[in-house]
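Here's a quick briefing for anyone meeting this structure for the first time. Have a look at it, then read on for the main points.

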Amino acid sequence: MAADLDDAVRRAVRASALMRQSFYAVVLLVALAGQVSGAVEALGIPMIWAIPAVGALELGGIVVLANADVRRRLGERAIASRILSAAIAAFAVAFNWMAHENKLLAGFFAGMSALGYLVWLMHTENQRRDRLRAKGDLPPTTPVYEVVGHWVRHPWVTLRAKNLAKADPRLGLYSSIAVAKAEKRKEQRTSAIAKVLHRKIRAAVDPTTADIAVAVYDLDEIAVRLADGADYDGLTALIAADLAPARLAAVDGTAASALPPVQDAAAVEPEPDALLVIDTPERPTLPGTAGDDEADSSAGAVDAAEPSNVVEDLPVVRTLQDVMWAIWVRRVAGGSVPTAAELDEAAQAHNYASKVLRKWKDARRITAEEYAAAVGGRRRPRRKHVA
């Protein structure tokens with residue numbers, strides 16, 4: 001298949017060269033006719049002298065351009081020869097335009113003169129690129145990317161894919177696009193890791209040391225280890241909490257009768273106090289609080305360091321998913337479904353309870369009313385903390 005393709009390409013090159021030479025000969029004759037007639041009419045030069053004069057003018061640009069091509073093959077830039085070639089061709093075009101009073105005819109002859117020069121120039125540049133590509137000084141041709149699907153929708157990704165295809169010719173159209181997208185995701189991931197790492201280290205040391213750490217550590221290796229230790233179950237549960245049937249049914253306004261019945265709901269119904277907190281064998285009584293549900297709001301701040309065993313006896317706050325499920329089971333057992341407001345209330349209470357218990361475990365000063373509100377599942381009291 002490759003040999004047949006190479007033979008077909010060679011035949012196409014030979015056919016193209018033959019047609020190009022024939023075309024250039026015709027264009028050159030037409031341009032020469034215009035130059036000769038213009039020289040005879042405008043300058044009064046005899047025909048016998050006008051033909052070689054304008055022939056030298058018309059072919060001068062091509063001759064100088066061929067000389068420039070030879071010098072460029074030897075590694076030179078040949079700027080002077082290329083400029084002179086373009087100047088001669090421009091003069092020939094201008095002469096054809098100005099030497100004829102009929103501007104329609106003048107435009108025709110001038111256009112043919114310019115067309116002949118441009119065709120030869122394109123052929124010379126094509127040969128030059130072929131030579132450079134054969135020597136390895138020019139990258140191979142890249143795949144043809146889609147205008148709308150690639151260049152219009154993803155211009156920067158397509159440009160990166162094109163550069164990757166130049167560096168590695170084995171990459172095809174779709175492989176280069178895939179590699180470009182993967183590199184873009186890698187850059188975004190590395191940038192995010194660098195920012196977090198810099199912030200974490202800067203919190204413990206000076207910013208210069210943080211800069212050195214970010215430059216020294218292999219961020220790709222950190223990304224690999226993060227991917228290996230990722231808790232996909234926990235992240236899935238975090239998203240599933242927002243997709244719980246209770247929330248979806250409350251948002252859509254689905255009636256409880258349209259939902260599947262819950263068997264033995266009363267048996268698994270949690271106590272009202274236990275929606276947010278898993279009770280310990282004995283809930284600790286804080287200084288300044290009564291034995292019943294009434295809290296002494298004037299007790300002031302409580303020092304967590306006074307009773308040394310209070311921290312171990314603290315109850316454990318349930319996860320938000322467990323709280324949502326408990327509310328769901330209790331409401332369905334009562335013949336209804338939780339509303340969005342109730343679920344939002346429970347989420348805020350859970351968030352506040354977690355914060356308060358963290359404060360207590362960190363031996364910070366909190367009031368007895370705050371602790372009672374946290375373990376009882378009530379909202380945060382609207383009062384300032386006592387210093």
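Helices (H or I, at least four residues) and strands (E, at least two) are DSSP runs, numbered from the N terminus. By that count, the protein has 14 helices and four strands. Keep in mind that this is a predicted model, where local features need pLDDT of at least 70 and side-chain atom pairs count only at pLDDT 80 or more, while totals for chains, interfaces and linings use all residues. Residues are numbered from 1 along each chain as its sequence is written, and side-chain values use heavy atoms, leaving out hydrogens and water.

**The overall picture**
- Of the 387 residues, 29% count as buried; buried means under 20% relative accessible area, exposed means over 50%, and partly exposed is in between (1.4 Å probe, protein chains only).
- The protein's accessible surface is about 25000 Å², and 60% of that belongs to carbon and sulfur atoms; these areas come from the Shrake-Rupley method with a 1.4 Å probe, and for residues only the protein chains shown count as cover.
- Take the contacts (heavy atoms within 4.5 Å) between residues at least 6 apart in sequence: 62% of them join residues at least 24 apart.

**Helix H2**
- Helix H2 covers residues 47-73, which is 27 residues, and spans 39 Å from its first C-alpha to its last, close to the 39 Å expected at 1.5 Å a residue; the expected span is 1.5 Å times one less than the number of residues.
- H2 has a kink of about 40° centred on Leu-59, where the bend at a residue is the angle between axes fitted to the seven residues ending there and the seven starting there.
- Buried residues of H2 include Ala-50, Val-54, Gly-55, Glu-58 and Asp-69.
- After H2 comes Gly-75, with a positive phi near 100°.

- His-150 sits in helix H5 and counts as buried because its relative accessibility is 10%.
- Setting aside neighbours within four places in sequence, His-150 touches Tyr-145, Pro-155, Thr-158, Leu-173 and Ile-177.
- Helices H5 (147-152) and H6 (155-167) each give the patch at least two residues, with the largest share, four residues, coming from H5.

**Salt bridges**
- The whole structure holds twelve salt bridges, each being a side-chain nitrogen of Lys or Arg within 4 Å of a carboxyl oxygen of Asp or Glu.
- Asp-69 pairs with Arg-73, their closest N and O atoms 3.3 Å apart; the two are four residues apart in H2, so about one helical turn separates them.
- Asp-69 is buried at 9% relative accessibility, whereas Arg-73 is partly exposed at 47%.
- Asp-69, Arg-73 and Arg-131 are linked in a salt-bridge network.
- In helix H4 (residues 103-135), Arg-128 and Glu-125 are three residues apart, so about one turn lies between them, and their side chains form a salt bridge at 4.0 Å, N to O.
- Asp-130 bridges to Arg-133, with the closest N and O atoms 3.8 Å apart; Asp-130 is partly exposed, with a relative accessible area of 48%.
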